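Take a walk through this chain, from its overall fold down to single residues. Start with the view below.

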Amino acid sequence: MEATATLQIGKMPDGSPAGSTDGSTGGSTGGSAARALVQSVEALLAGLDVADLTPLDRADCLRSFTVVDGMVAAARSRVLAGASAGGSRRSRERSAELVRETGMSGMDASRAVRLADTLTAVPAAADALAEGRITTGHASALAGGVSWLNRGAAAHDGSLIDAACNQSVDEFKATVAQWELVENGDADGRRLAARQHKNRTAH
């Protein structure tokens, strides 16, 4: 597969530095780099010919897009981990900002903020996602399965990231669920089962 466009990190498609502005857009270096990224990716994908992909090329494309998806998710999480434009660090305000600025659904925005907070608390997971060693699915499984009370423990337990790097997303979900039970002192799941039974019979 021949690439007709080349992504140059830190440069606009016309070769100008990513941090430069034309006066009409203004903004910080970070904002300029983000706009440059969109233009560069657009140029690269415009030159992607999928009509005659070989099986090897197709597999390479799918893997590459998955890695890029993780890189973008990790970068977005870095932005979301900070205070909102209004200066608030509350999850609700940051989720609302994401909905307002991107059109994302409220549920997806809440998940994105939870992912951002989890990656902030577990830097090894953030690094693995940004480097393409785990997927967004693995990161989401970690964010959804580890309670905020146990994020500190997750940050100090390298076995979780090792598992994510070597397991499918479905397998990792089960690993995280079991890890959470152990951290909560319920390794055999009896307490969870009892609570679930109590909740069912109470209604």
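**From fold to residue**

In the chain, 55% of the contacts (heavy atoms within 4.5 Å) between residues at least 6 apart in sequence join residues at least 24 apart. This is a predicted model, in which local features need pLDDT of at least 70, side-chain atom pairs count only at pLDDT 80 or more, and totals for chains, interfaces and linings use all residues. Residues are numbered from 1 along each chain as its sequence is written, and side-chain values use heavy atoms, with hydrogens and water left out.

The chain has 10 helices and 0 strands. Helices (H or I, at least four residues) and strands (E, at least two) are DSSP runs, numbered from the N terminus.

Now the surface. The chain exposes about 12800 Å² (Shrake-Rupley method, 1.4 Å probe; for residues, only the protein chains shown count as cover). Carbon and sulfur atoms supply 55% of that area. Of the 203 residues, 28% are buried. Buried means under 20% relative accessible area, exposed over 50%, and partly exposed in between, with a 1.4 Å probe and protein chains only.

Val67 lies in helix 2, residues 55-80. Val67 is partly exposed because its relative accessible area is 30%.

Asp117 sits elsewhere, in helix 4 (residues 106-121). Its relative accessible area is 18%, so Asp117 is buried. Leaving aside neighbours within four places in sequence, Asp117 is in contact with Ser91, Arg94 and Arg151.
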